[in-house]
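Let's take a friendly walk through a protein model, going from the whole chain down to single residues. Keep the picture open while you read.

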Amino acid sequence: MAAVNINQEQFNRLIAGEKPVLVDFWAPWCTYCRRISDAYDRIAQEYADRLEVVKVNIDDNEALAIQEKIEIIPTLVIYRGGKAAASIVAPESKAMIEGFIGDLLPQEEEKESRQVHDMVIVGGGPGGYTAALYAARSGLDTLVIEKLSAGGQMAQTHQIDNYPGFEEGIDGYELAGRMQRQAHRFGAKTVYAEVDRIDLAPDVKRLETSEGIFYGKTVVLAMGASPRPLGVEKEQELTGRGVAYCAACDGMMYKGKTVVVVGGGNSAAADAMILSRIAKKVILVHRRDTLRATKVYHDPLKKAENIEFRWNSVVKEIEHDDRVTGVRLKNVVSGEEETVACDGVFVSVGRKPASQLAQGQLELDESGYIAADETTQTSLPGVYAVGDVRTKALRQVVTAVADGAMAVHMAEEYLAGK
Ligand SMILES: Cc1cc2nc3c(=O)[nH]c(=O)nc-3n(C[C@H](O)[C@H](O)[C@H](O)COP(=O)(O)OP(=O)(O)OC[C@H]3O[C@@H](n4cnc5c(N)ncnc54)[C@H](O)[C@@H]3O)c2cc1C
């Protein structure tokens, strides 16, 4: 049974009860909230005997969200004996939610299936599910291992306008569901688990996950990428208390406020535009004297009356009390420093590949992406890297899906040669 939405009265009654209560504070406009909803519903089902697992829509229950000091969504809070015992912001996997509620759960023995799949795909974004579609359609026994929900980064955006075939654009979450169902139609299977370790060198590759061990004759690495942190002191501690990485997800929290956006590429430009429609003032801080973002962004940004620019500037420090109060900027040309008061800092300084699993086993490029060309072949036979996790010039849905198809083509040749 899926987690149900509750109101203030039901909340008061539930948390006063015997059973611990897990609450997901969410909102319909929050794209990341949708991404965790599948995993959350599975938690509701699997732990129903030990936990009340419910949701609070903060748009319908604003007073409750304020009372519970919810500053970023999704926030998951566990209540015991009428009080909040612990909370977690924007968990990245079902395993992470399970880790969070861990001490309530009995320790399970590690599961191990000796079945050797023809292809195991790590990551269920557009690259992963396209590989799954092609592999399953070719008759390969195909398994996708996904730690959160289908769609990856794509599921975080409401509108994809540059994926061919959808003339009105399409919601990324909806497209993700379609890609997954299409791959499943041909027999691909999905296990929701986080891959913690992979042994990629042997002929039969071994994958250790939060749901046990899996084996594959070929492996497609499709783990994508995530936001790169700014790297200043207290950044992590202040995440959720003024520091954010996704304007589309957390922008609404800054209605009528002043925010700083750090970065000069396409995502910083897009974030500044989104925030200019919500916040009172947006200050775009960029280390150079011109944006790296494509030209289409330049005019709208300059025309927006509530966007200010701080060129040649870097964030040295984030100022705060219990949440962000401002940023200390340094002009890299003049060396001058200034403090800019703000309520939030949106970090948009690029992405980092989720390539940790491959470290020490596969060749990576200088930025940490898995070294693979258009063939998607990595430095080990039978191992392919697709989508945002591999070295490439353009990281988009359309290039990730192209990689997915190519990886299967190469894997079929590899398997035929065995
Ligand atoms: C807000 C936003 C808006 C965007 N808008 C557009 C757009 O309009 N058009 C466009 O073309 N592109 C857009 N992009 C870029 C596009 O979404 C990505 O290029 C694309 O999703 C990359 O696909 P992928 O399959 O390589 O990886 P991802 O989409 O990143 O998927 C990787 C998946 O792997 C899973 N994973 C990672 N590590 C593990 C592990 N250890 N175990 C199990 N699972 C794991 C993740 O949970 C994730 O689901 C946007 C990106 C963002 C963030």
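Two residues are in contact if their C-beta atoms, placed from the backbone, lie within 7 Å. With that in hand, we can look at this predicted model. Among the contacts in the chain with a separation of 6 or more, 65% join residues 24 or more positions apart.

**The whole chain**

The chain's secondary structure comes to 10 helices and 22 strands. Its radius of gyration is 22 Å, close to the 22 Å that the globule rule gives for 418 residues, so the chain is as compact as a globular protein of that length. Here are some values for the chain as a whole:

| Property of the chain | Value |
|---|---|
| Span of the C-alpha trace along its principal axes | about 65 × 60 × 40 Å |
| Radius of gyration | 22 Å |
| Buried residues | 44% of the 418 residues |

**The nonpolar core**

In soluble globular proteins, nonpolar side chains tend to be buried together. In this model the largest nonpolar core has 120 residues, and Ile 121 and Leu 221 touch the most other members. Which residues does Leu 221 contact, leaving aside its neighbours within four places in sequence? They are Val 122, Ala 358, Ile 370, Val 383, Tyr 384, Ala 385 and Val 389.

**Around the ligand**

There are 36 residues around the ligand, and those that come nearest are Gly 123, Gly 125, Gly 152, Gly 224 and Gly 387. Helix 5 (126-137), strand 7 (142-146) and helix 10 (397-416) are the elements that give two or more residues to this shell. By type, the shell holds 18 nonpolar, 13 polar and five charged residues.

**A closer look at helix 5**

Is helix 5 largely enclosed or largely open? Of its 12 residues, 11 are buried, so helix 5 is largely enclosed by the rest of the structure. Its buried residues include Pro 126, Tyr 129, Leu 133 and Tyr 134.

**An exposed residue**

Finally, find Asp 161 in the loop between strand 7 and helix 6 (172-185). Asp 161 has 10 C-beta neighbours inside 10 Å, so it counts as exposed. From C-alpha to C-alpha, Asp 161 and Asp 343 are 31 Å apart in space, and they are 182 residues apart in sequence.

Terms used
Residues are numbered from 1 along each chain as its sequence is written. This is a predicted model: local features need pLDDT of at least 70, side-chain atom pairs count only at pLDDT 80 or more; totals for chains, interfaces and linings use all residues. A residue is near a molecule or strand if its C-beta atom, placed from the backbone, lies within 6 Å of it. Helices (H or I, at least four residues) and strands (E, at least two) are DSSP runs, numbered from the N terminus. Ala, Val, Leu, Ile, Met, Phe, Trp, Tyr, Cys and Pro count as nonpolar, Asp, Glu, Lys and Arg as charged, and the others, Gly among them, as polar. The radius of gyration is taken over C-alpha atoms; the globule rule is 2.2 Å times the number of residues to the power 0.38. A residue is buried if 20 or more other C-beta atoms lie within 10 Å of its own, exposed if 12 or fewer, and partly exposed in between; C-beta atoms are placed from the backbone. A nonpolar core is a set of buried Ala, Val, Leu, Ile, Met, Phe, Trp, Tyr and Cys residues joined through C-beta atoms within 7 Å.
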